[in-house]
Amino acid sequence: MIDPSAAVEHTIRLQWPAETVRAWYARPGAFERLMPPWERLRLVAPVTGAEPDGEHIRAPLGWRWVHRRRIEPDGSEACTVEERLDYAAPPGLPGPVARRMIRPRLERLLAYGEAVVRHDLEAHARFAALPRLRVAITGASGLIGRALTPFLTTGGHDVVRMTRGHDKTGVRWDYDSGRIDREGLEGLSAVVHLAGENIGARWTRERRRRIVESRVIGTRFLAESLARLRRPPQVLVSASGIGIYGEHGDELVTEATPVIGAREDFLTAVGRDWEAATQPARRAGIRTVCTRQGVVLTPAGGALARMLPAFLAGAGGPLGGGRQWMSWIAMDDVVGALHHALMDAELDGPINVTSPEPVTNREFAATLGRVLHRPAVFPVPAPALRLAFGEMADVALLTSIRAVPERLREAGYEFRYPGLERALRFELGRKE
């Protein structure tokens, strides 16, 4: 039973008209944008409108809450958003214990939502004078796609999922069979190509084949298909990776750093072929941006999610000697950079999607340990990494790439989390 006396309240003032804020909360994707990546929550009733009043979410172990939100004008150019969560403890858990367990989690959830709303409204306002886009996304169900889609829809854009499965609401495509729904792509404003086999596992012969085919053959097939459309999109934003640069030690790496002549390894070769596969779209006059992404930080998946269990157990530490540079980026800045690439007609060619403040792996481990209040003094020796991951250890874990986003900064993109500690605290919901 929901106990009205067990409530968490949170009020914020936003420098936006109430109508603008209500529109953001009312659009599809608002629930997904507001839910922290560290929580595992289940939607049990649809959330309709900007001001919900009911039980919509169940959390692990059976605790739940009723959510109320009120948005009130504060003059013509500002408003207040009042949130109240009346929660119910899991059966059998005493009230005082429940409050100590649940209240901090709900407070972290509401603080996360406040930061998201503020940043998203600012990001969309920068391009408010431009038309809203109709964007197709490959890999929409992947780690980045799941974050990008609700960001775009809450900003008023229309998102079309490109799927190789049986989702009847999306656009079907399959590079293996050479089939694609070209009619479904006609008249799109933009395409974001995120699909690709995960590289974060031991590279067996079969996995190497899937990595190459998903990136090179899949990208070429998509680019050629877009080039043949009667009404092609204005822009193709295609994922790439900083692995294209190869080992660079302590040298600062920008988009001007040559990738031809770099020390050859599996990722440099795949990266060059991956980006070259977009050329049919470029030759057809489609503005083409290749986003060379660093290590994306989110507890929802990827590198950070794999590190967390060891660090939370107090057994984390640097990889190898820890001197190699690590070019990282917070998930919210990946989303922001992709949005900027879609909207800024001057951006073209490769861009580094990395934080402007790369760190060594040793610095990364120490910072993550500090954020989690855990020691980070147990290094993983390079031989152990090679034994576990084979070639992938040397190429993806021990290679030093100190990449910075020169072109994004020149284009005026403002990073939400340029520094590592603030980024980790936001992504993990840890207070200063």
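The lining of the second largest pocket is made up of eleven nonpolar residues, one polar residue and seven charged residues. The structure described here is a predicted model, and the pocket in question holds about 580 Å³ of space. Of the 19 residues that line the second largest pocket, those closest to its centre are Glu 32, Met 35, Pro 36, Pro 37 and Arg 146. Two or more lining residues come from each of helix 2 (30-34), helix 4 (143-154) and helix 10 (331-343), and helix 4 gives the most, with four residues.

Elsewhere in the model, eight strands form an open sheet with mixed pairing, and their order is 9-8-7-6-10-11-13-17. Strand 9 (179-180) and strand 17 are the edge strands of this sheet, since each of them pairs on one side only.

| Partner of strand 13 | Sense of pairing | Bridges | A pair of opposite residues |
|---|---|---|---|
| Strand 11 (residues 235-241) | parallel | seven | Ala 239 and Thr 291 |
| Strand 17 (residues 349-353) | parallel | five | Cys 290 and Pro 350 |

How enclosed is strand 13 by the rest of the structure? Because seven of the seven residues of strand 13 (residues 287-293) are buried, this strand is largely enclosed by the rest of the structure. The cover extends to both faces of strand 13, with Arg 287, Val 289, Thr 291 and Gln 293 buried on one side, and Thr 288, Cys 290 and Arg 292 buried on the other.

**Helix 7**

Helix 7 (residues 266-276) is also mostly covered, as eight of its eleven residues are buried. The buried residues of helix 7 are Phe 266, Leu 267, Thr 268, Val 270, Gly 271, Arg 272, Trp 274 and Glu 275. These buried residues pack against strand 11, strand 13 and strand 17, and they also pack against helix 6 (205-227), helix 8 (279-283) and helix 13 (391-397). In this way helix 7 is in contact with strand 13 and with both of the strands that pair with strand 13 in the table above.

**Cysteines**

How many disulfides does a search of the whole structure find? The search finds zero disulfides.

**An exposed loop residue**

Is His 373 buried or exposed? With a relative accessibility of 62%, His 373 counts as exposed, because the cut-off for that class is over 50%. His 373 is located in the loop between helix 11 (361-372) and helix 12 (382-389). The backbone at His 373 has a positive phi of about 60°, although this residue is not a glycine.

Technical notes: Residues numbered from 1 in each chain as written. Predicted model: local features only at pLDDT ≥ 70, side-chain atom pairs only at ≥ 80, totals over all residues. Heavy atoms only, no water. Buried < 20%, exposed > 50% of the residue type's maximum accessible area, 1.4 Å probe, protein only. Pairing = 2+ DSSP bridges. 1 Å grid on protein atoms, 1.4 Å probe; cavity = no way out; pocket = protein on both sides within 12 Å on 5 of 7 lines; lining within 4 Å. Points joined across faces, edges and corners; volume = space filled by probe spheres on them. Nonpolar A, V, L, I, M, F, W, Y, C, P; charged D, E, K, R; others polar. Disulfide = S-S within 2.5 Å. Contact = heavy atoms within 4.5 Å.
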